[in-house]
Amino acid sequence: MRSCISKFIKRHPGLRSFSSANGTSMTAILHRGSNSPGLRSTHMGRTMLKMYATSCEKFSADAPKDNPVSDMLADTFGRLHTYLRISLTERCNLRCQYCMPADGVELSPSPQLLSQNEIVRLANLFVSSGVSKIRLTGGEPTIRKDIEDICLQLSNLSGLKTLAMTTNGITLANKLPRLKECGLSLLNISLDTLVPAKFEFMTRRKGHERVMKSIDAAVELGYNPVKVNCVVMRGFNDDEICDFVELTREKPINVRFIEFMPFDGNVWNVKKLVPYSEMLDIVVKQFTGLQRIQDHPTETAKNFSIEGHQGTVSFITSMTEHFCAGCNRLRLLADGNFKVCLFGTSEVSLRDPLRRGADDNELRDIIGAAIERKKAAHAGMFDLAKTPNRPMIHIGG
């Protein structure tokens, strides 16, 4: 832990003057803990201890000796970014209202999108630097014709422990056996309603039965858990929360209730937001034996088991209780732009230098500089609603 703190102090020379003024080293202060008299008397010390001390533990948690994490993946707040989300396409076979504006979006021309070889090269660069988990997103990743080859090549990268995918499930059932053979180890399937008519209204397409078939296929193939992502919106599907929880009773399904988030074109309104606290109250009133599961420091969800249920329930609280302090996620968009925060407006192209012939060291410098600029936390939900950002279908789910 001391080595982690030392790295952090090197990045923040201003901390030395703070520690000198208090007559002790910052390393000693942060290592000593929150009971230190010096910290109790100093608001700055309390704040830094809360934000940074636990992130030092992530160096040991996320950096096994056989796959050390490069400094390239560390930001100025001590967070190590070992999880990369790669959007394979901007195209989708649904038109979900919270993801895509009603009049559609302008898609990037195919030549501007990353090729399979470019995706694998950049992924290898990240994994060789310490990324241990990759999630494939879209658009809808399964509509990409080379999805199986991409999975096979990525799953064979030395040091990668988890290859995951987020999909809408429309075409998944038939492709899943082969995808599993190609190394797909974790699966999230998006489903916002159990009512076919509401599904068609929300997605502007038919296909509810096909999604349910894909969930069953994933269970039968041994995915455990099968994660089901549900964006909860007041007046649309908040009356189905307990019905979704019932999915976890007999099957190893993890239902993940997601707070409605603002993105360009999805007509976000705080009145549509159902906060985590309200969702949890609904579940507690209906189901007994709800117990909080011990979460990893980098976990985005608040996870619960339910007595007598094979599966689990989770809540992703991006709006009302953000989890920025433990964030370990990076995003590579389909057009090759690199984003260090889902809600951040800053992007940097990796495609352009890659196509100009940049070597790995040049790319690492670009990536490291972007990560170093990452902020401590995203803005509040009302500020986010007023800040221009890409539609979710451009960013990747």
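This is a predicted model: local features need pLDDT of at least 70, side-chain atom pairs count only at pLDDT 80 or more; totals for chains, interfaces and linings use all residues.
Residues are numbered from 1 along each chain as its sequence is written, and side-chain values use heavy atoms, without hydrogens and water.

**α6 with α7**
- The axes of α6 and α7 (residues 147–155) come within 10 Å and cross at roughly 20 degrees.
- α6 and α7 are therefore roughly parallel to each other (angles under 35 degrees count as such).

**α6 with α14**
- Helix α6 (residues 116–128) packs against helix α14 (residues 360–372) at an angle of about 70 degrees, with the axes 11 Å apart.
- That makes α6 and α14 roughly perpendicular to each other (65 to 115 degrees).
- On the α6 side, Arg121, Leu122, Leu125, Phe126 and Ser128 meet Asp360, Leu363, Arg364 and Ile367 of α14.

**The nonpolar core**
- Phe126, Ile134, Leu136 and Phe257 touch the most other members of the largest nonpolar core, which has 77 residues; such a core is a set of buried Ala, Val, Leu, Ile, Met, Phe, Trp, Tyr and Cys residues joined through side-chain atoms within 4.5 Å, and buried means under 20% relative accessible area (1.4 Å probe, protein chains only).
- α6 gives the most to this core, with seven residues.

Conventions
Axes are lines fitted to C-alpha atoms, for helices over the stretch in contact, and angles run from 0 to 180 degrees between N-to-C directions. Helices (H or I, at least four residues) and strands (E, at least two) are DSSP runs, numbered from the N terminus. Angles under 35 degrees count as roughly parallel, over 145 as roughly antiparallel, 65 to 115 as roughly perpendicular and the rest as oblique. Contact means heavy atoms within 4.5 Å. Buried means under 20% relative accessible area, exposed over 50%, partly exposed in between (1.4 Å probe, protein chains only).
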